[in-house]
Amino acid sequence: TQFVSTANYLYEQLKNDLKDKRVLLLTGRTDQKNRERILKEFAPKANLAREGEIDREGDILISTDVLSEGQNLQDANYIINYDLPWT
């Protein structure tokens with residue numbers, strides 16, 4: 001999604017509705033250390049996470065367009081662009 005408020009909304013809704021899934025949130029407000037941890041939890045193979053480095057893989061990653069380019073998320077099965085363009 002493009003907007004932080006939308007990402008926060010989606011995160012809260014999915015986290016509450018999908019209790020058996022691990023939902024992660026990454027925005028431009030996420031500090032670098034947590035950003036690296038979240039990326040490794042969501043895509044451990046693509047981001048070369050070492051054994052024991054993460055406790056549990058993330059199932060769903062909600063992100064703003066901060067991840068629009070240059071990120072290796074090849075572990076993902078689906079990518080959904082939540083915002084529709086107006087043009």
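In this predicted model, S63 lies in strand β2, which covers residues 60-63. Is S63 buried or exposed? The relative accessibility of S63 is 13%. Buried means under 20% relative accessible area. S63 therefore counts as buried.

The surroundings of S63 can be listed briefly. Leaving aside residues up to four places away in sequence, S63 touches T1 and L26.

A second residue was examined in a helix. A7 is found in helix α1, which spans residues 4-17. How much relative accessible area does A7 have? The value is 0%, so A7 is buried. The cut-off is again under 20%.

Which residues does A7 touch, when those up to four places away in sequence are not counted? They are T1, L25, T27, I62 and T64. A7 and V23 stand 16 residues apart in sequence. In space, their C-alpha atoms are 11 Å apart.

The view now widens to the whole protein chain. The chain has two helices and two strands. Read from the N terminus, the order of these elements is α-β-α-β. The radius of gyration is 13 Å. For 87 residues, the globule rule gives 12 Å. The two values are close, so the protein chain is as compact as a globular protein of that length. Along the principal axes, the C-alpha trace spans about 45 × 30 × 25 Å.

Contacts and burial were computed for the chain as well. Among contacts with a separation of 6 or more, 64% come from residues 24 or more positions apart. Of the 87 residues, 32% count as buried. Both S63 and A7 are buried residues.

The surface and the charges complete the description. The accessible surface of the protein chain comes to about 6700 Å². Carbon and sulfur atoms hold 47% of that surface. The chain carries 12 positive and 15 negative charges. How far apart are the mean positions of the positive and negative charges? The separation is 4 Å.

Note on methods
Residues are numbered from 1 along each chain as its sequence is written. This is a predicted model: local features need pLDDT of at least 70, side-chain atom pairs count only at pLDDT 80 or more; totals for chains, interfaces and linings use all residues. Side-chain values use heavy atoms; hydrogens and water are left out. Helices (H or I, at least four residues) and strands (E, at least two) are DSSP runs, numbered from the N terminus. The radius of gyration is taken over C-alpha atoms; the globule rule is 2.2 Å times the number of residues to the power 0.38. Buried means under 20% relative accessible area, exposed over 50%, partly exposed in between (1.4 Å probe, protein chains only). Contact means heavy atoms within 4.5 Å. Accessible areas come from the Shrake-Rupley method with a 1.4 Å probe; for residues, only the protein chains shown count as cover. Lys and Arg count as positive and Asp and Glu as negative; His and the chain ends are not counted. The place of a charge is taken as NZ of Lys, CZ of Arg, CG of Asp or CD of Glu.
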